Amino acid sequence: MNIRCVAHRGASGLAPENTMAAMKKAIAYPFVDWIELDVQLSRDGVPVVIHDEKLRRTTGRRGRVGAHDAQSLNAMDAGSWFNPLFEGETIPLLEDVLSLTEGRCRLNIELKTYRGRYPGMERAVVDLLHRMGRVEDSVITSFDGLSLRAIRELSPDITTGLIIDGAPSGLIEELRRLDAGFLSIGHKNLNTARMREFRAAGLEVMAWTVNNLSRMRELARMDQNIMICTNYPNRWEAAFQEENSPRKRGLLSFFRKKTT
């Protein structure tokens, strides 16, 4: 069994989402193969790690991410809303997360680019991955097919993936049209027959966001190589500790070459 654990926005059930604290908690678990995170663009064109377009929910500040420069965003408190113990956790730069996770785990970088919200984001992220040598161990995902096509044009060597919360009949054909080998799909849309179809098409599949142990095990029975994205890596461990203990894999296993 090769069920892989993906920490959603870092270990976001245990620390404030998309902060360095959440990333550090995630990589403290040796079985976390991947971290999923969200990227938006600052006013001065720097990729920053935050989910919402508006700042209020996680920082208490008014306004939108794109109205502030990276230095200002990187100084905002993005931890206190979760727990006062995390006061001072800020909005990270994507570059900082890349540095932290280098040699440790792969990244699923979701671009928040609906309707062309952040012109230039694709190039900024692609250039950063190339500069930091993280092309082979990262995947760029989005709900926006236009953004994925832009990534493909900029860098054919970067794996791209479509995010969807559904399973329309033409999904595989759409992924082929986008030349995307990765599917990030809401877990409620998965069943054994669909997983077989996706595998037959050569797709890498990540199910999101799964926090229930029984559902994790159900997904594992559907496919023994599925990626399970969760807010709670400790729950993933509880679900699979018998199957995966001892789970002693070297760094090379984290950087498996995908065949898609």
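Modeller: Happy to! Helix 4 and helix 5 are roughly parallel to each other, because their angle of about 30° falls under the 35 degrees that counts as such. Keep in mind that this is a predicted model. Helix 5 covers residues 121-131, and its axis lies 11 Å from that of helix 4. The crossing of this pair is right-handed. On the helix 4 side, Leu94, Glu95 and Leu98 make the contact, while helix 5 contributes Val125, Leu128, Leu129 and Arg131. By class, that contact has five nonpolar and two charged residues, with no polar ones.

Now let us turn to helix 1. Helix 1 spans residues 20-27 and packs on helix 4, residues 94-101, at an angle of about 20°, with the axes 11 Å apart. That angle makes helix 1 roughly parallel to helix 4. Here, too, the crossing is right-handed. Met20, Met23, Lys24 and Ile27 of helix 1 meet Asp96, Val97, Leu100 and Thr101 of helix 4. Five of the residues in this contact are nonpolar, one is polar and two are charged.

Six nonpolar, five polar and one charged residues make up the lining of the largest cavity.

Methods: Residues numbered from 1 in each chain as written. Predicted model: local features only at pLDDT ≥ 70, side-chain atom pairs only at ≥ 80, totals over all residues. Heavy atoms only, no water. Axes fitted to C-alpha atoms, helices over the stretch in contact; angles between N-to-C directions. Helix = DSSP H or I, 4+ residues; strand = E, 2+ residues; numbered from the N terminus. Parallel < 35°, antiparallel > 145°, perpendicular 65-115°, else oblique. Left-handed = near helix turned anticlockwise from the far one by under 90°. Contact = heavy atoms within 4.5 Å. Nonpolar A, V, L, I, M, F, W, Y, C, P; charged D, E, K, R; others polar.
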